[in-house]
Amino acid sequence: MDKVLIIDFGGQYIQLIARCIREQNIYCEIYPWNASIDKIKQFSPSAIVLSGGPHSIYKEDAPKVTEGIFSLNVPVLGICYGMQYIANHFNGVVKTAPSREYGKQTLFVNNSPLFNGIPAQNICWMSHTDYIEVLPKNFEVAAYTDTCPVAAMQNEEQKIYGVQFHPEVNHCDYGKKVISNFLFNICKLIPDWKMSDFINDTVAKIKAKCGNGKVLCALSGGVDSAVAAALVFRAVGDNLICVYVDHGFMRKNETAEIIRVFREERGFNLIAVDAKERFVSKLKGITDPEQKRKIIGEEFIRTFEEEAKKIGKVDFLVQGTIYPDVVESGGKTGVTIKTHHNVGGLPSVVDFKEIIEPLRDLLKDEVRTVGKQLGLPDSIVMRQPFPGPGLSIRIIGEVTEEKLNILRDADFVFRDEIEKAGLSEKIWQYFVVMTNSLSVGVMGDYRTYNYTLALRAVTSVDGMTADWARIPLDVLEKISNAIVNKVDRVNRIVYDITSKPPATIEWE
Ligand code: XMP
């Protein structure tokens with residue numbers, strides 16, 4: 001099978017390169033820039049892509065790939081820093097550009113197999129401070145912009161290519177075509193990889209690794225852990241033990257759905273721990289958001305630990321780590337806005353030999369595709385992002401049973417109305433917040449003094465930034481009426497019209 005190796009120089013778009021290649025039915029893997037030549041040879045790539053990155057090649061600490069990568073007789077495509085790396089390696093000159101280029105730029109292309117079928121003038125996406133001032137010997141200019149004389153270069157004989165722009169980014173009009181030209185026109189790869197191959201290969205690898213060993217998985221109800229568990233279940237069946245901790249802050253019917261899908265329909269060995277009282281009592285009197293998050297995170301670990309002890313020694317622990325988690329945990333700096341809670345903190349409390357992370361190389365939408373192909377229902381696979389501490393951080397102030405019940409019912413109505421309006425796929429996340437404000441209203445000639453609920457709906461690509469969703473006013477009106485009519489103790493609905501930043505998506 002033809003395989004592409006992507007060398008990671010720390011570029012922010014690297015997972016987009018991987019997706020773009022996999023979408024074209026070519027298998028690829030990402031290796032760090034310092035991977036050894038032996039490891040690279042072992043992978044036996046049919047083509048290599050050198051990614052972008054934040055460095056300047058002429059600085060001392062610039063990352064450099066292992067010697068020998070250009071002697072493998074494999075076509076190479078360098079993107080941004082990757083191209084500058086190639087230029088520097090073959091004795092060209094890379095310098096700070098007199099004018100930096102960020103965003104959309106007009107690209108003029110020369111005759112090159114990279115640009116087959118692409119208009120001579122088109123729009124590309126640039127993001128660079130350095131540029132190639134002098135081409136290396138035996139290379140020629142394949143494209144340029146008004147301010148970047150080498151926007152693409154090539155050495156056709158050695159099959160080494162470079163682009164200064166980012167073909168993997170959506171805003172690059174013909175980016176996908178550039179990558180497909182590289183894969184098929186230049187490298188002559190055969191597109192015979194499918195997501196079902198990923199499933200079969202991964203299941204085979206897990207089978208070989210786990211043998212008859214016991215495997216433990218913390219199911220959170222989220223997409224990633226569910227799909228990871230379903231893959232491992234296919235490989236080891238009853239040897240997989242899943243533990244689901246119900247902290248009591250799940251949405252309406254969610255726990256029942258998880259038990260139905262995994263235990264009843266699929267026959268998983270699923271331990272569902274009802275820890276509602278334990279969590280609610282721990283949160284008594286707590287109003288500070290960070291304290292809530294910390295208490296829930298700790299209590300979750302403790303509950304899991306108790307269950308794991310009952311099971312005894314396990315050989316493997318499954319984690320639903322996906323590619324963006326890998327990137328985030330490697331490169332996260334800065335201040336804590338919120339302490340995120342998920343099941344990532346488990347290894348230290350479980351006695352096991354090895355971690356299995358079957359989704360480590362996949363992006364969210366690819367995880368969803370795998371989940372669908374494994375037959376998981378949309379209720380699991382298309383689930384919105386949901387915070388680890390659940391509804392507790394959507395209740396401002398103290399969490400009480402009453403507030404939880406009101407929120408659960410109102411959230412259910414909101415989601416139902418959004419689905420009925422056909423908007424569910426257009427909005428990244430939509431939910432209700434219990435605001436902790438009581439206000440005066442009038443219902444059937446009576447004065448009411450009831451809760452104010454806030455609707456939160458945002459559009460986003462990755463949750464890092466978000467905009468409030470422009471839900472049509474008549475839909476908002478329907479939602480407001482439906483909630484007030486169906487849910488007791490609510491007499492006022494407001495709509496949150498702040499983006500992130502300055503707000504965050506969740507209120508706490
Ligand atoms: P914020 O509120 O920080 O949320 O804008 C960004 C995205 O992260 C989700 N979120 C969490 N996810 N554990 C998670 O796994 C958490 O503790 C957590 N808190 C927030 C949030 O729903 C949004 O999608």
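Everything shown comes from a predicted model, in which local features need pLDDT of at least 70, side-chain atom pairs count only at pLDDT 80 or more, and totals for chains, interfaces and linings use all residues. Residues are numbered from 1 along each chain as its sequence is written, and side-chain values use heavy atoms, with hydrogens and water left out.

**Figure 1. The shell around the ligand has 14 residues.** K338, H341, Q429, K500 and E506 are the closest (a residue is near a molecule or strand if one of its heavy atoms lies within 4 Å of it). By class, the shell divides into four nonpolar, six polar and four charged residues. Ala, Val, Leu, Ile, Met, Phe, Trp, Tyr, Cys and Pro count as nonpolar, Asp, Glu, Lys and Arg as charged, and the others, Gly among them, as polar.

**Figure 2. Two cis peptide bonds involve P501.** One joins K500 and P501, with omega about -15°; the other joins P501 and P502, with omega about 10°. Look for P501 in the segment after β18 (490-495), and for P502 in the segment after β18 too. Helices (H or I, at least four residues) and strands (E, at least two) are DSSP runs, numbered from the N terminus.

**Figure 3. Y161 and F182 form an edge-to-face aromatic pair.** Rings of Phe, Tyr and Trp (its six-membered ring) pair if their centres lie within 6.5 Å; planes under 30 degrees apart count as stacked, over 60 as edge-to-face and the rest as tilted. By this rule there are 15 aromatic pairs. In the pair shown, Y161 and F182 are 6.4 Å apart centre to centre, with 70° between the planes. The pair links distant parts of the chain, with Y161 in strand β9 (residues 160-163) and F182 in helix α4 (residues 175-186), 21 residues apart. Both Y161 and F182 are buried (under 20% relative accessible area; exposed is over 50%, partly exposed in between; 1.4 Å probe, protein chains only).

Figure 4. F414 belongs to helix α13 (residues 401-420) and Y430 to strand β15 (residues 429-443), 16 residues apart. F414 is buried, at 0% relative accessible area, and Y430 is buried as well, at 4%.

**Figure 5. Two non-glycine residues have positive phi.** K188, with phi near 55°, lies in the loop between α4 and α5 (195-210). K188 counts as exposed because its relative accessible area is 57%. R489 has a phi of about 65° and lies in the loop between α14 (473-486) and β18. At 32% relative accessibility, R489 is partly exposed.
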